Amino acid sequence: MTLVRGEQAHGEQARGGRPDDKRAQSRQARVLRFKMGVRLGTQLLAYCAVFALVAVVFEAFVSDNVGNWVADRTSTWAEYSDAELGTVEGIDWDHAQMLPVLIDDDGTVARWSVRDLSVYDAVKQLKIPVAACLFFMGAAVIMFANLNRSLRYFDELSGAVTEVMRNREEPVRLSDDLSIVQGELNAVREASLSDERAAVAAERRKNELVAYLAHDIKTPLTSVMGYLALLDEAPDLPEDVRRRYTRIAVDKAERLEGLIDEFFEITRYNLQAIPIERADVDVRLFCEQVADAFYPDAQARGVKIAVEAPEDQQFFVDPDKLSRAVGNMVRNAVAYADAGTTIDVRARRSEVTGAWLLEVENTGREISEAHLQSIFDKFYREEGARTTRAGGAGLGLAIAKEIVIAHGGGIRAESREGKTRFTIALL
């Protein structure tokens, strides 16, 4: 069984599956945020550990040597007697380093070696601020690198979209972090290719149909002209021969009319916008009127049409458009029903959803599952359809689907055990 729903079947490809795309984008955003958070956190933790290790090693093994080097380069030793210390100028005694040079016998220091460590102390006080600045600079570099990495994703995505537009034959390849977007872009690419191939195939089928119909028109037209010429040139033909020639000419003219109608159906086929003008319609009367239109064809085929619909019930539909949709299903049923069988046209309300269900069921040759998947495609006909009773341009069921979609409903087909049923669901 194949099911086509209004919004789902008609708009899903046109929308590109936007709800799914939004979910995919959300998943991709979550994945990127998680990966970037883990990467940034790991790098910062590693950086903190390395920075702390370097600080400990520096303090334990390097700090004193660096301090002595700074002190030696920024100060000089000078010797002064104990009496001269009070008169020395230019030394900040709060930052002075004093070492005894000469000690008297009584234990007092006679001479001192003195140097001013003001610069050294100033540099030493900057050790923690400098370390903090270096730490934050390193952290900023790490965060900037991650931000730059995230910005490169935009360049990668932009390049991928451009490549998809330029060459849709090649699959999109992105970095592992963008695997979800890669899958979605490849899905869009495949859908676009599929739509393009389907459009090309439909155009090719249409052109083939036009060529076939143009060829087929010659046969009945030649017959009509031939028999009419015989009737015109031989006015003394026996009455029974004249009736037989007339009947053949009429049959061929009707065949010619049908082929011309198919030409018009192909040329005016436009499913982009089907205007719907709804009205309250009696359900049973609607079904009976649709069935009545096919009683001559059904009688010629040796089949009956039975209508089953509730009395005094109405639904809100476009009667002209919907009758065309249901009529196309009935026409299909008449063409394929076995002689001596009955075609059932039913209307009922669904007990589950409350939707109106319009069903057309016939007994006869089954439709394969493979054909059911494409039976509502425009210009689709089963293999060998040109030699079957149905023939046609393959538009009837496609038009029925689009009319139902315009009503906001769905249509499905199923075929099993010699029974083929088409069902329209209208909410």
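Helix α11, spanning residues 396-406, has 9 of its 11 residues buried, a class defined by under 20% relative accessible area, with exposed meaning over 50% and partly exposed the range in between (1.4 Å probe, protein chains only). The buried residues of α11 are Leu-397, Ala-398, Ile-399, Ala-400, Lys-401, Glu-402, Ile-403, Val-404 and Ile-405. Helices (H or I, at least four residues) and strands (E, at least two) are DSSP runs, numbered from the N terminus. The model is predicted: local features need pLDDT of at least 70 and side-chain atom pairs count only at pLDDT 80 or more, whereas totals for chains, interfaces and linings use all residues. Residues are numbered from 1 along each chain as its sequence is written, and side-chain values use heavy atoms, with hydrogens and water left out.

The relative accessible area is 14% for Lys-401 and 9% for Glu-402. Just after α11, Gly-408 adopts a positive phi of about 80°.

Across the whole structure, 17 salt bridges are found. In one of them, Arg-348 meets Glu-359 at 2.9 Å, N to O. This pair links distant parts of the chain, 11 residues apart, with Arg-348 in strand β8 (residues 342-349) and Glu-359 in strand β9 (residues 356-363). Arg-348 is partly exposed at 38%, whereas Glu-359 is buried at 4%. Arg-421 and Glu-414 form a further salt bridge, the closest N and O atoms being 3.2 Å apart. Salt bridges with shared partners join Asp-344, Arg-346, Arg-348, Glu-359, Glu-361, Glu-414, Arg-416 and Arg-421 into one network.

An open sheet is formed by 3 strands in the order β2-β4-β3, with antiparallel pairing; strands pair if DSSP finds at least two bridges between them. Strands β2 (78-81) and β3 (96-103) stand at the edges with a single partner strand each, so one side of each lacks a neighbour in the sheet. Between β3 and β4 (residues 109-116) there are 7 bridges, and Ile-103 has Val-109 in β4 as its bridge partner.

Val-181, in helix α5 (residues 179-233), is buried at 17% relative accessibility. Leaving aside neighbours within four places in sequence, Val-181 is in contact (heavy atoms within 4.5 Å) with Gln-28, Leu-157 and Leu-174. The C-alpha atoms of Val-181 and Leu-157 are separated by 8.5 Å.

Key. A salt bridge is a side-chain nitrogen of Lys or Arg within 4 Å of a carboxyl oxygen of Asp or Glu.
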